[in-house]
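Dear colleague,

I am handing over the structure we spoke about, with the sequence alongside.

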Amino acid sequence: MVNGLGEDELAESEGITMETEDQPKEAESLCESAEKDASEDTCQSDGGNPSTQDSNISNGGDAEDKQEMVDLKIIWNKIKYDLKIPVDSTGARLKERIHSLTGLPPAMQKVMYKGLLPEDKTLREIKITNGAKIMVVGSTINDVLAVNTPKEVIQQEVKAEENKKEPLCRQKQHRKVLDKGKPDDIMSAVKGAKERLPTVPLSGMYNKSGGKVRLTFKLEQDQLWIGTKERTEKVPMGSIKNVVTEPIEGYEDYHMMAFQLGPTEASQYWVYWVPAQFVDAIKDTVLGKWQYF
């Protein structure tokens with residue numbers, strides 16, 4: 001007898017204790033069974049393929065691959081790039097792709113397709129088709145940082161360079177325009193005279209492609225409007241780096257003139273058959289020597 005309990009009573013007490021200790025194991029076994037059943041149910045619902053969930057994850061390129069694509073020719077800085085892009089991409093998305101091709105940041109791009117390309121419309125809405133040529137104008141950050149030279153210095157350098165070259169009007173790139181002859185509707189010219197800018201646009205002139213061009217000087221807006229049959233470009237006069245002019249041989253009462261819109265000569269916009277009497281007024285107005293009327 002222990003503490004007043006008989007052997008049978010002690011054994012019975014120990015047996016109760018053992019049963020009590022065994023209960024957690026039984027509960028643990030039930031939990032394991034439940035987990036196993038749940039696992040089997042999951043496998044059955046997946047068709048026995050545990051990787052089904054992973055196979056439904058897109059790799060990120062599938063969506064674009066399935067879209068209708070359009071092939072474009074991107075032209076920037078006289079270099080052509082081939083670009084394939086979904087036709088439902090916006091103008092903003094196109095600028096991002098151009099950035100990846102050229103290194104030209106979107107904020108510094110001027111993208112042209114039948115005018116300035118809107119960023120919020122899709123290529124489909126703009127009616128861009130396969131083989132379309134997209135013109136891009138702009139300078140990289142490095143170009144901008146490299147060109148902090150005052151306009152006066154640029155003009156001196158250009159003049160020195162011009163003295164080393166043959167006359168502009170004899171160069172092949174200009175002859176193809178000048179050989180078309182003087183336009184019939186050009187404004188009359190006065191050799192040796194100097195006049196203020198006219199109150200109407202200068203019209204009847206040619207651009208480098210041989211198309212008709214007119215120049216409108218918006219002094220109140222500090223802009224030069226370069227107009228063609230297709231569109232009108234509104235150029236801030238402060239962005240024009242230089243103006244180059246030269247009399248046309250045999251027609252010295254008319255000049256050929258270039259407006260340098262960027263840091264290099266590649267950005268020059270040429271105009272032919274400018275009446276000589278307005279040449280100085282144009283240069284003074286564009287380069288900052290304002291005229292007061």
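Predicted model: local features only at pLDDT ≥ 70, side-chain atom pairs only at ≥ 80, totals over all residues.

The chain has 293 residues, of which 32% count as buried, and its secondary structure consists of eight helices and 11 strands. Among the contacts with a separation of 6 or more, 52% are between residues 24 or more positions apart. The accessible surface comes to about 18,700 Å², and carbon and sulfur atoms contribute 49% of that area.

The helix I looked at is H4, which covers residues 91-102 and, with 12 residues, reaches 16 Å from its first C-alpha to its last, close to the 16 Å expected at 1.5 Å a residue. Its buried residues are Gly91, Leu94, Lys95, Arg97, Ile98 and Thr102. Seen down the axis of H4, these buried residues fall within an arc of 165°, so they line one face of the helix. The spacing can be read against a general rule: an α-helix has 3.6 residues a turn, so residues three or four places apart point the same way. After H4 comes Gly103, which has a positive phi near 80°.

The sheet is open and antiparallel, and its seven strands run in the order E8-E7-E6-E5-E11-E10-E9. Strands E8 (232-236) and E9 (242-248) stand at the edges and have a single partner strand each, so one side of each is left without a neighbour in the sheet. From one strand to the next, the twist averages 30°.

Within this sheet, E5 (residues 202-207) and E6 (residues 212-218) pair in the antiparallel sense over three bridges, with Met205 having Val213 of E6 as its bridge partner. Their hairpin has four residues between the strands, and Gly210 takes a positive phi near 90° there. E6 also pairs with E7 (residues 223-227), again in the antiparallel sense, over five bridges, and here Leu215 has Ile226 of E7 as its bridge partner. This hairpin, too, has four residues between its strands, with Asp222 in the turn at a positive phi of about 55°.

Technical notes: Residues numbered from 1 in each chain as written. Heavy atoms only, no water. Helix = DSSP H or I, 4+ residues; strand = E, 2+ residues; numbered from the N terminus. Buried < 20%, exposed > 50% of the residue type's maximum accessible area, 1.4 Å probe, protein only. Contact = heavy atoms within 4.5 Å. Areas by Shrake-Rupley, 256 points an atom, 1.4 Å probe, with all protein chains shown as cover. Expected span 1.5 Å × (residues − 1). Arc of directions from axis to C-beta. Pairing = 2+ DSSP bridges. Axes fitted to C-alpha atoms, helices over the stretch in contact; angles between N-to-C directions.
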